[in-house]
Amino acid sequence: MRDASDGDPRATRAVYPGTFDPVTPGHLDIADRARRLFEHLTVLVAVNDDKQPTRPDTARANAVRTALPPTWTNVTVAAWTGLTADYCHHDRSTVIIRGIRNSTDALYEYQLAAMNETLGITTLLIPASPDLATMSSTAMRSLHP
């Protein structure tokens with residue numbers, strides 16, 4: 001992603017939102033791949049009214065922070081209640097990162113991407129690594145209650 005204001009191809013800030021309940025190897029893989037594309041990546045622990053997380057957003061944000069390798073110096077974690085696009089404007093981020101595991105995810109994320117585009121934020125969909133595509137937070141919670 002290129003910021004037209006200067007010549008650095010990584011001069012864009014991106015946000016990777018999710019409930020991260022819990023954070024999975026798939027989440028970390030998407031974050032790792034995204035952090036290499038952007039100057040800065042914020043992993044945004046979001047409150048989603050459609051989901052009932054097992055822990056408060058602050059606990060989930062701390063779990064994400066703990067899971068991030070210390071060498072990922074261009075990655076920060078924040079918690080946010082509200083539209084991700086509003087956070088992006090607040091944070092001066094121009095791109096939302098979303099991981100997709102299958103065609104169902106792709107259709108859902110495409111619809112969100114279209115809405116976010118009308119709010120001035122581009123969405124980059126990153127396919128899950130094949131060995132992680134079947135993993136979800138829901139499955140992780142059922143294995144480790």
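This is a predicted model: local features need pLDDT of at least 70, side-chain atom pairs count only at pLDDT 80 or more; totals for chains, interfaces and linings use all residues.
Local features need pLDDT of at least 70 and side-chain atom pairs count only at pLDDT 80 or more, while totals for chains, interfaces and linings use all residues. Residues are numbered from 1 along each chain as its sequence is written, and side-chain values use heavy atoms, with hydrogens and water left out.

The chain has five helices and five strands, arranged along the sequence as β-α-β-α-β-α-β-α-β-α. Helices (H or I, at least four residues) and strands (E, at least two) are DSSP runs, numbered from the N terminus. Among contacts (heavy atoms within 4.5 Å) with a separation of 6 or more, 80% join residues 24 or more positions apart.

Of the 145 residues, 41% are buried. Buried means under 20% relative accessible area, exposed over 50%, and partly exposed in between (1.4 Å probe, protein chains only).

The structure holds two aromatic pairs. Rings of Phe, Tyr and Trp (its six-membered ring) pair if their centres lie within 6.5 Å; planes under 30 degrees apart count as stacked, over 60 as edge-to-face and the rest as tilted.

| Pair | Centre to centre | Angle between planes | Class |
|---|---|---|---|
| Tyr 16 and Phe 20 | 5.4 Å | 85° | edge-to-face |
| Trp 80 and Tyr 87 | 5.1 Å | 70° | edge-to-face |

Tyr 16 is buried, at 4% relative accessible area, and Phe 20 is buried at 3%. In the other pair, Tyr 87 is buried at 8%, whereas Trp 80 is partly exposed at 23%.
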